[in-house]
Amino acid sequence: MSLDFQMLVWSIALAFIQMVVAVSGCVLEVGLPKLAGNRDGLSPMSGWVGRAQRAHLNMLENLVLFAPLVLIADIASRNNAATGLGAQIFFWARLVYAVVYVIGIPWLRTTIWGISVAGMVMIFMQLL
């Protein structure tokens with residue numbers, strides 16, 4: 001399996017872990033019975049739980065861009081050291097991003113997000 005695909009698999013695993021953390025936080029905050037219901041009138045989560053949810057949603061938004069880039073690079077036989085490095089930058093930045101977001105460090109979070117985008121741009125540039 002190429003390095004690009006390995007990083008895609010690990011990124012999917014990270015998204016799954018983020019989902020579990022966010023759901024677990026919601027269970028702690030409002031309880032399973034409310035979450036198992038239709039959630040009408042359920043207030044948005046606050047604190048670290050809300051941040052965990054938003055970090056997870058942001059990861060999903062970015063995976064929608066990252067996964068096709070990796071797949072297209074492979075299909076087009078354009079995956080190389082640059083795409084591998086871009087995929088690694090994306091994954092590690094997203095891992096740090098998740099932790100920093102849950103902790104609640106705003107400007108650092110944004111900087112790390114920019115680094116993850118740079119990883120995707122590196123892959124994209126190999127497709128031109």
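Is F91 buried or exposed in this predicted model? At 7% relative accessibility F91 counts as buried, where buried means under 20% relative accessible area, exposed means over 50%, and partly exposed lies in between (1.4 Å probe, protein chains only).

Residues are numbered from 1 along each chain as its sequence is written, and side-chain values use heavy atoms, with hydrogens and water left out. The model is predicted, and local features therefore need pLDDT of at least 70 and side-chain atom pairs pLDDT 80 or more, whereas totals for chains, interfaces and linings use all residues.

**View 1. The whole chain and its helices.** The protein has five helices and zero strands, these being DSSP runs numbered from the N terminus (H or I of at least four residues for helices, E of at least two for strands). Along its principal axes, the C-alpha trace spans about 50 × 30 × 20 Å, and 34% of the 128 residues count as buried.

**View 2. Aromatic pairs.** A search of the whole structure finds three aromatic pairs, in which ring centres of Phe, Tyr or Trp (its six-membered ring) lie within 6.5 Å, with planes under 30 degrees apart called stacked, over 60 edge-to-face and the rest tilted. One of these is the stacked pair of F66 and F90, at 4.0 Å centre to centre and with 10° between the planes. This pair links distant parts of the chain, since F66 belongs to helix α3 (residues 47-75) and F90 to helix α4 (residues 81-103), 24 residues apart. F66 is buried with a relative accessible area of 0%, and F90 likewise counts as buried at 0%. F91 and W92 form an edge-to-face pair, 4.9 Å centre to centre with 75° between the planes; W92 is partly exposed, at a relative accessible area of 49%.

**View 3. Arginines over tyrosine rings.** R94 lies over the face of Y97, 4.3 Å from the ring centre, and the charged end of R109 sits over the ring of Y101, 4.3 Å from its centre. A charge is taken to sit over a ring if NZ of Lys or CZ of Arg is within 6 Å of the ring centre and within 35 degrees of the ring normal.

**View 4. Helix α3 and its kink.** The 29 residues of α3 should span 42 Å, and its end C-alpha atoms are 42 Å apart, which agrees; the expected span is 1.5 Å times one less than the number of residues. A kink of about 30° in α3 is centred on L63, the bend being the angle between axes fitted to the seven residues ending at a residue and the seven starting there. Leaving aside neighbours within four places in sequence, L63 is in contact with L8, S11, I12, A15 and P68. After α3 comes S77, whose phi is positive, near 55°.

**View 5. The nonpolar cores.** The largest nonpolar core has 16 residues, of which L8, M59, L63, F66 and I123 touch the most other members; such a core is a set of buried Ala, Val, Leu, Ile, Met, Phe, Trp, Tyr and Cys residues joined through side-chain atoms within 4.5 Å. Two or more residues of this core come from each of α1 (3-30), α3, α4 and α5, and the largest share, seven residues, is supplied by α3. Apart from it lies another core, of six residues, including A55, V100, Y101 and I112.

Notes. Contact means heavy atoms within 4.5 Å.
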